[in-house]
Amino acid sequence: LLHQEEIVPSHEYRLALEVHSGGAYWKSIPVQEAGTVRHKVETVGGSSPVEGSASMISQFGSAQRGAVFVWRWQHLLDSGPYNLPDWLEKTLSAEGNDPLRKLQTELENLRRWEQ
């Protein structure tokens, strides 16, 4: 974990370095222990709102190896109290880490109710 900040009530946005070993595909590949090991480093950009909460595995496949910087939401259960409207308190207290998805779900529920 490199950085964390509470941006939404009861929710932190965290910057972390995720390291992926490549899964079962790479288990049978021998690792060279002697000498200097160098790895090519590339930056990956262009994250869309849809990809914002997705993991490297879901974006690139489970056999990928490497490290990536990721932003992740974390629901903080022991924070507060906050002076929020009841509907917002209920929405943000729902299960899950991503407050944007929680709000989107609430909007969808309201739209269905209005129809």
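In the predicted model, H3 stands opposite L15 of strand β2. A second pairing is found at Q4, whose bridge partner in β2 is R14. The two strands concerned, β1 and β2 (residues 11-20), pair in the antiparallel sense, and five bridges are found between them. Strands of a sheet pair through backbone hydrogen bonds, and the pairing may be parallel or antiparallel. The hairpin formed by β1 and β2 has two residues between its strands. Within this hairpin, S10 takes a positive phi near 70°.

On to the next pair of strands. Strands β2 and β3 also run antiparallel, and they are joined by ten bridges. Here Y13 has W73 of β3 as its bridge partner. Taken together, the three strands make an open sheet with the order β1-β2-β3 and antiparallel pairing. The edges of the sheet are β1 (3-8) and β3 (66-75); each has a single partner strand, so one side of each is left without a neighbour in the sheet. Direction ignored, neighbouring strands of this sheet are turned by 30° against each other on average.

Residue E12 lies in strand β2. In a regular strand the side chains alternate between the two faces of the sheet. The relative accessibility of E12 is 10%, and E12 therefore counts as buried, the cut-off being under 20%. Its neighbours within four places in sequence left aside, E12 is in contact with Q4, E5 and E6, and also with R72, W73, Q74 and L76. The side chain of E12 is joined to that of R14 by a polar contact of 2.9 Å. R14 is also the bridge partner of Q4, and Q4 is among the residues in contact with E12. W73, likewise in contact with E12, is the bridge partner of Y13.

Helix α3 (residues 99-114) lies across β1, β2 and β3, and runs at about 50° to β3. At the start of α3, a side-chain oxygen of D98 comes to within 2.9 Å of the backbone nitrogen of L100. The length of the helix can be checked against its number of residues. With 16 residues at 1.5 Å a residue, α3 should span 22 Å; the end C-alpha atoms are 23 Å apart, which agrees. An α-helix has 3.6 residues a turn, so residues three or four places apart point the same way.

Note on methods
Residues are numbered from 1 along each chain as its sequence is written. This is a predicted model: local features need pLDDT of at least 70, side-chain atom pairs count only at pLDDT 80 or more; totals for chains, interfaces and linings use all residues. Side-chain values use heavy atoms; hydrogens and water are left out. Two strands pair if DSSP finds at least two bridges between them. Helices (H or I, at least four residues) and strands (E, at least two) are DSSP runs, numbered from the N terminus. Axes are lines fitted to C-alpha atoms, for helices over the stretch in contact, and angles run from 0 to 180 degrees between N-to-C directions. Contact means heavy atoms within 4.5 Å. The expected span of a helix is 1.5 Å times one less than its number of residues. A polar contact is a pair of N or O atoms within 3.5 Å; within protein, one must be able to donate a hydrogen and the other to accept it, and residues adjacent in sequence count only if both atoms are side-chain atoms. Buried means under 20% relative accessible area, exposed over 50%, partly exposed in between (1.4 Å probe, protein chains only).
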